Amino acid sequence: MRIDRTRLHDTVLAGVVAVASVVLFVLYDPGHLAAGGLPVEGVRPPDVVGAALVVLACVPVAARRRWPLAALCAGLAPEAVLTAAGYGSGVPGLAGMVLLYSVASHRGLAMALGGLAAALAAYAFGAATGPALAASFTDHVMVVVVLVAVWGAGRSLRLRRAYLEELKDRAARLERAHAADTRAARAEERSRIARELHDVVAHHVSVMIVQAAAARRVLATDQELAGEALSAIEQTGRMAMAEMRNIVGVLRTDARAELGPQPGVQDLPALVEQMREAGLPTRLLVEGEPRPLPAGVDLAAYRLVQEGLTNALRHAGAGAEAVVTVRHKPRELDVRVEDDGKGAPDPPMRSGHGLVGIRERVALYGGILSIGPLPGGGFEVRARFPLEDGQ
């Protein structure tokens, strides 16, 4: 059977307060008061009825956290009867202070102020109707100060508890926000890796397909040329595996990824040469003075050329030629891939995940992308990347 620890603790506290209050009540004897030099006229000596009223005033302490204001009012009533009957001087007992503290620490400001007002009213009633002891104005002020101090201690605890709850809530919100940012970063990383893999696989597989078709056509008539085509297929496959290993290496959790440098504009001559070997006559034109580029822009420009040439190899048709133009401007990098579209349907219709990935890459770096057929035939993929501060 499950035990409510809070209620158990309050019940034990009520018992302790009752024992302490009864002890104080017994010690509040007219003989002791007279020995201390205080007048005892009208003060009744301790008896069973008074002790019962003291215990009755302590019983509500057991409910101090469930119904604090009601418990305070219930505890003040027996104390008022005690004072009016002549047992005390009207000073609130130990149970009253515990209940006042509980109201201040477990309820809002309005209810806490109501509890303070009730405690002060009970004291004023006792001071006005109780036996006339030598209580000076300073004594009354001290009692009021004690009551306000107890009330203030309860409010301070409540405010501190609210502050700690706010800190916990803020920490929880920050943790949730961090988790959301982590998920978004992982999703973006997966998307980036997917784009990289698509660009690598689409390009190299397209080149291998063209080379394999060429090898198949000349296999029976020119074995030497077929062997060269097969060697080119092998080299292209090795290049694809190397790039894929570098990309997928970032997903490893049991070993450090062996990442090589990402390709960039400086690798375009090798890419153009590869396309020539695959059967697509390609020219590379570089205008302006080459200079170091931001790593992201450098990779995006390379992937754009790679995707543009791969599309030309797939869709431009036999006998088509391609031209790659790279213009280095003071504040802009202009990259263009165009083919004449010989042998392709008119107008050439090209689409796919690669072009979608190119759009995302260019947009990521604030570039402007244009994709579409050329007026005189053929197809163009062009991007202009802005460069800040001449970079």
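**Close-up views of a predicted model**

**View 1. Arg-361 sits in helix α11, which spans residues 353–364.** This is a predicted model, so please read each view with that in mind. Is Arg-361 buried or exposed? Arg-361 counts as buried because its relative accessible area is 6%, and the cut-off for buried is under 20%. Look around Arg-361 and you will find the residues that it touches: Arg-195, Glu-196, Asp-199, Leu-299, Ala-300 and Arg-303. That list leaves out residues up to four places away in sequence.

**View 2. The whole protein chain holds eleven helices and five strands.** Step back for a moment before the next close-up. Of the 391 residues in the protein chain, 37% are buried. The accessible surface of the chain comes to about 21900 Å², and carbon and sulfur atoms account for 62% of that surface. Among contacts with a separation of 6 or more, 74% join residues 24 or more positions apart.

**View 3. Five strands line up as an open sheet.** Follow the strands across in the order β1-β2-β3-β5-β4, and note that the pairing is mixed. Which strands stand at the edges? They are β1 and β4 (368–373), and each has a single partner strand, so one side of each is left without a neighbour in the sheet. On average, neighbouring strands are turned by 10° against each other, direction ignored. A handy reminder: strands of a sheet pair through backbone hydrogen bonds, either parallel or antiparallel.

**View 4. Strand β2, residues 322–329, is mostly covered.** How many of its eight residues are buried? The count is six. Strand β2 pairs with β1 (residues 282–287) in the parallel sense, over six bridges. To find your way along this pair, look for Arg-283, which stands opposite Val-323 in β2. From β1 the chain crosses through helix α10 (residues 295–315) to reach β2, and this β-α-β crossover is left-handed.

**View 5. Strands β2 and β3 form a hairpin.** Two residues lie between the two strands. Strand β3 covers residues 332–339 and pairs with β2 in the antiparallel sense, over eight bridges.

**View 6. Two cysteines, Cys-58 and Cys-73, are shown here.** Cys-58 counts as buried because its relative accessible area is 2%. Cys-73 has a relative accessible area of 41%, so it is partly exposed. A disulfide is a covalent bond between the sulfur atoms of two cysteines. How many disulfides are counted in this model? The count comes to zero.

Definitions and conventions:
Residues numbered from 1 in each chain as written. Predicted model: local features only at pLDDT ≥ 70, side-chain atom pairs only at ≥ 80, totals over all residues. Heavy atoms only, no water. Buried < 20%, exposed > 50% of the residue type's maximum accessible area, 1.4 Å probe, protein only. Helix = DSSP H or I, 4+ residues; strand = E, 2+ residues; numbered from the N terminus. Pairing = 2+ DSSP bridges. Right-handed = clockwise from strand over helix to strand, strands pointing away. Contact = heavy atoms within 4.5 Å. Areas by Shrake-Rupley, 256 points an atom, 1.4 Å probe, with all protein chains shown as cover. Disulfide = S-S within 2.5 Å. Axes fitted to C-alpha atoms, helices over the stretch in contact; angles between N-to-C directions.
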